Amino acid sequence: MEIIHVSAECYPYAKAGGLGDVVGALPKYQNHLGHIAKVVMPMYRTKFLYDNEWELVHQGGQQFGLNWFHYSVIKEKSNKLGFDLFLVDINGLLDREKIYGYDDDAERFTAFQIAVCDWINHWQNKPDVIHCHDHHTGLIPFMMQYCFAFENLRNVSPVFTVHNAQYQGWLDWSHYHFVPTYDGWRWGLLEWDKKINPLASAIKCSKKVTTVSSSYLEELKVSANGLEKLFEYEQGKCVGILNGIDNDVWNPSTDEFIPENFDASTVTDGKLASKKELCNRFQLDVEKPLIVFIGRLVGEKAADILPEAIRSSIFEYNGNVNFLVLGSGEPEVESELNWLKLQFPGYVNIFIGYSEPLSHLMYAGADFLLMPSRVEPCGLNQMYALRYGTVPMVRSTGGLLDTVIDFGDWQGFGIRFNNATPEDVKHAVGRAIDLFYNKKNLLFWMREFMMNIDHSWDTSAKQYIELYEEL
Ligand code: ADP
Ligand code: GLC
């Protein structure tokens, strides 16, 4: 079977979060299963682009509103990622440094989607499935079925994965001309709540819709940033498939970013080596439990409660705990955290920014990883933490609910709490401190147990293939 993944992110070429990790791994695992999976992305000016060799595979052009654009498609030559990676360049629109965050993002991603449809429309042998990820690719299922220019795609099955329904790519109807000419009776398939809504359109027009965990699918029926009724109505074609992790990239026994590699049998010494390096670098105390947060500093991740949760925990537990935060996001949260670091040197440190190597060192060297997320469709951090023997402390929501069992329950290995509040986090911190100082044997058992849980993509990649086969 041939599957084309279309996405705005793909690790290691371009990653802003978990979407990049998923699209950088799932196709590789699908290829291992004997299928042909490829990835098509917009071309950004990332380091990976300049460090690798590319060949031109196609050039074309399309009408875009009143304008005409030319595009070219290039392919990474070596296949070192385990799948063919294609980049679509549209001069002036896609060749930028960042992935998102430009005023004309709506134009950029719509033109990208048109170019993808136009290119595949020209293929002699069509793929079986076009698998689109998140709203940046959400107009493709509509275009494949109803735009006159892409008639050759009518027999290809569109599948769509919702990684995050908070963002929907809304477009005002005054931009109706962005979508190439289509069967006018079908306009309703583009709309939700009086706007063109790419995410809603994808849910309506795809043959199958997946969410990145089962619990998230249930939550979307009651809280989906306005799309609750749509998820309810379309539930027959929706299914939750939990993300996996790329065991080649996230492997403490081969990880190049940590000072000493380890596996479940050497976890205590291995983690200590990483913890020492972290504590040295960030002036923290290696004897105290180290709780870390890694992620976007935004409301969805409940990053706004971190300053108060950390401050009150340090007071409540007499400074017997250390915190380290890696992330960037809302400026108020960043500055509050930086202020906290000045107030509590030796107890708290903050790294504002993005660093893949530091994140690996933190998964390896931390004792606990905190995720108080308000919304967490799947969450990969907690699975990386498990793989590195770090106890996840998570709010019971979405994918966190599906992957973490509280250590108070049968075969539990994590810490769960119900509310994204400083009080609940403080209580969880208390339980972590108790585990660290008073229940060492249980903590050591948990570490080994967690490291042996298999969250690799093997199972989920098969589930996707079975889903495509139904089509
Ligand atoms: P989301 O995609 O919602 O941000 P996920 O848990 O699915 O959340 O994935 C986040 C991914 O981004 C993980 O690979 C995590 O390690 C990485 N990440 C997030 N923030 C940073 C950062 N500041 N530096 C390095 N990696 C980060
Ligand atoms: C989104 C979600 C996150 C998920 C990731 C990959 O960014 O916020 O929970 O893990 O997509 O599916």
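A residue is taken to be near a molecule or strand if one of its heavy atoms lies within 4 Å of it. This is a predicted model, in which local features need pLDDT of at least 70, side-chain atom pairs count only at pLDDT 80 or more, and totals for chains, interfaces and linings use all residues. Residues are numbered from 1 along each chain as its sequence is written, chains are lettered from A and ligands numbered from 1 in the order in which they are written, and side-chain values use heavy atoms, with hydrogens and water left out.

**Ligand 2**

Select ligand 2 and display its surroundings, which are made up of Gly18, Leu19, Val22, His163, Asn164, Val212, Asn243, Glu376, Pro377, Cys378, Gly379 and Leu380. This shell divides into six nonpolar, five polar and one charged residue, where Ala, Val, Leu, Ile, Met, Phe, Trp, Tyr, Cys and Pro count as nonpolar, Asp, Glu, Lys and Arg as charged, and the others, Gly among them, as polar.

Now turn to the polar contacts, each a pair of N or O atoms within 3.5 Å (within protein, one must be able to donate a hydrogen and the other to accept it, and residues adjacent in sequence count only if both atoms are side-chain atoms).

Next, colour the chain by its domain assignment, which gives domain 1 (2-244 + 458-470) and domain 2 (264-451), with bounds that come from an automatic or database domain assignment. The domain centres, taken over C-alpha atoms, are separated by 33 Å, and the contact (heavy atoms within 4.5 Å) takes 19 residues from domain 1 and 16 residues from domain 2. Because both domains give residues to the shell around ligand 2, this ligand lies between them.

**Ligand 1**

Moving on to ligand 1, which residues are the closest to it? Of the 18 residues that surround ligand 1, the closest are Gly18, Asp21, Arg296, Lys301 and Tyr363. Helix H1 (18-32), strand S13 (322-327), helix H11 (356-365) and helix H12 (381-387) each supply at least two residues of this shell; helices (H or I, at least four residues) and strands (E, at least two) are DSSP runs, numbered from the N terminus.

A polar backbone atom of Gly18 is 2.6 Å from an oxygen atom of ligand 1, and a polar side-chain atom of Arg296 lies 2.8 Å from an oxygen atom of the ligand. A nitrogen atom of ligand 1 is 2.9 Å from a polar backbone atom of Gly353. Ligand 1 also lies between domain 1 and domain 2, because both give residues to its shell.

**Two backbone features**

Finally, select Tyr11 and Pro12, which are joined by a cis peptide bond with omega of about 5 degrees; Pro12 is found in the loop between strand S1 (2-6) and H1. Then go to Asn225, in the loop between helix H6 (214-220) and helix H7 (228-233), where this non-glycine residue has a positive phi of about 50 degrees.
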